[in-house]
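User: I want to learn how to read backbone features in a model. Please walk me through some cases.

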There are 2 protein chains.
Amino acid sequence: MAHYTRKDILELPDLFRKNFVNSLPGLKPAMVVGTLDTQGRTNLSIVSQVIHVGARPPLMGVLFRPGTVPRHTVENLLAIGYFTLNQVATSWIDKAHQTSARYEAGMSEFEAVGLTPWYSTGCPAPYVAEAQVRIGLRPVERHRLSANQTDFIIGSVEEVFFPENALSEDGFLDPEKLGTAAVGGLDSYYSAKKIARFSYAKPDRDLSLLDDPA
Amino acid sequence: MAHYTRKDILELPDLFRKNFVNSLPGLKPAMVVGTLDTQGRTNLSIVSQVIHVGARPPLMGVLFRPGTVPRHTVENLLAIGYFTLNQVATSWIDKAHQTSARYEAGMSEFEAVGLTPWYSTGCPAPYVAEAQVRIGLRPVERHRLSANQTDFIIGSVEEVFFPENALSEDGFLDPEKLGTAAVGGLDSYYSAKKIARFSYAKPDRDLSLLDDPA
């Protein structure tokens with residue numbers, strides 16, 4: 001096994017260190033955040049630092065790092081009071097990745113990369129029409145991390161759009177049926193193949209398979 | 001498209017809602033957290049709510065939900081001052097999933113599920129010998145989320161063990177070479193296949209592929 005200490009990591013060249021540390025979680029969600037600025041202009045930005053925070057009430061968390069999102073994304077989503085998270089599918093990973101380019105102010109990433117804004121009556125922020133799973137959220141909490149001045153934003157899930165045929169009988173949305181992509185590191189994109197779905201783990205019982213791999 | 005509002009989600013049956021909301025991020029990291037309690041006993045628990053927080057300094061974040069981690073995990077890792085994150089590989093997803101069972105106090109999940117504790121001189125918390133990527137962290141920040149009383153813990157990456165042959169020339173750790181698993185929802189496990197690795201996105205340039213899919 002190779003071994004890096006914190007000191008080793010701090011002394012790595014910048015891009016090497018970014019690639020390395022971004023790789024540590026392994027496979028990460030691929031989502032694009034849709035926001036609106038106070039002049040009503042749309043912004044779109046890919047994120048992989050997204051987690052499920054809780055189911056009751058339904059909450060998600062997104063870490064915004066200055067420099068990886070368009071200018072003022074956090075301020076805009078707090079001002080507007082809404083943002084969207086859209087699952088990236090393997091069929092449009094190139095467009096999703098291109099949203100990370102630093103476009104000039106006033107240039108919408110939708111137009112620049114060729115994705116289509118889509119609106120619901122319940123949410124002023126733009127969804128991505130190409131996304132199979134579209135989540136509308138209201139920011140309800142902001143945590144400034146003192147370790148590196150990033151913003152962890154908690155969003156209340158206000159509505160979700162999804163294809164009926166990807167929903168299993170017990171509420172699970174199947175990433176294989178959706179064609180959902182995963183991200184590795186800064187720039188690698190993956191498709192996923194199910195290996196197993198396991199039963200609820202109990203101390204005194206062996207796991208069983210809930211259904212067969214496709 | 002099917003459409004759930006927040007009200008619809010709140011009215012879903014409990015397990016259905018858990019499955020549904022846990023599915024919203026799509027594909028998630030599969031990692032096990034290794035901790036030590038103040039009596040020196042080991043604990044192990046699978047988590048998918050893990051993000052990369054920053055590269056300089058190297059930081060990761062983990063959300064701990066009461067009820068999904070062994071009793072006192074957060075208190076223990078804060079008291080000991082160390083914890084580990086270990087990438088789950090597809091070859092031992094069953095053991096990783098089984099760590100989510102509620103074992104009696106004093107029963108180590110290592111022994112219960114058949115995983116092997118492994119120690120470095122730099123970190124008192126236990127690593128998982130079966131994991132290809134093992135990360136030792138010191139908790140440096142705790143954010144209590146008022147929306148649902150969960151704990152978001154920021155860890156400073158103190159050391160990383162990884163196989164030399166999975167490291168690319170530019171610092172990327174390849175999930176395919178590592179056999180890294182992803183999680184969907186509460187209980188589904190996936191292997192990943194690379195589709196593309198893209199160049200750094202710039203406004204005025206088309207993306208190119210950094211290397212070919214395997």
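User: Where is the place of B:P57 in chain B?

Analyst: This is a predicted model. B:P57 sits in the loop between β5 (50–54) and β6 (59–64) of chain B.

User: What about chain A, where is A:P57 found?

Analyst: A:P57 is in the loop between β5 (50–54) and β6 (59–64) of chain A. The bond leading from A:R56 to A:P57 is cis, with omega near 0 degrees.

User: Now phi. What is phi of A:Q149, positive or negative?

Analyst: General idea again: most residues other than glycine have a negative phi. For A:Q149, phi is positive, near 60 degrees, and the residue is not glycine. A:Q149 belongs to the loop between β10 (134–145) and β11 (150–162) of chain A.

User: How do I class the accessibility of A:Q149?

Analyst: Use the cut-offs: buried is under 20% relative accessible area, exposed is over 50%, partly exposed is in between. A:Q149 has 42% relative accessibility, so A:Q149 counts as partly exposed.

User: And B:Q149: where is it found in chain B?

Analyst: B:Q149 is in the loop between β10 (134–144) and β11 (151–162) of chain B. Phi of B:Q149 is near 60 degrees, a positive value in a residue other than glycine. With a relative accessible area of 43%, B:Q149 is partly exposed.

Definitions and conventions:
Residues are numbered from 1 along each chain as its sequence is written. Chains are lettered from A and ligands numbered from 1 in the order in which they are written. This is a predicted model: local features need pLDDT of at least 70, side-chain atom pairs count only at pLDDT 80 or more; totals for chains, interfaces and linings use all residues. Side-chain values use heavy atoms; hydrogens and water are left out. Helices (H or I, at least four residues) and strands (E, at least two) are DSSP runs, numbered from the N terminus. Buried means under 20% relative accessible area, exposed over 50%, partly exposed in between (1.4 Å probe, protein chains only).
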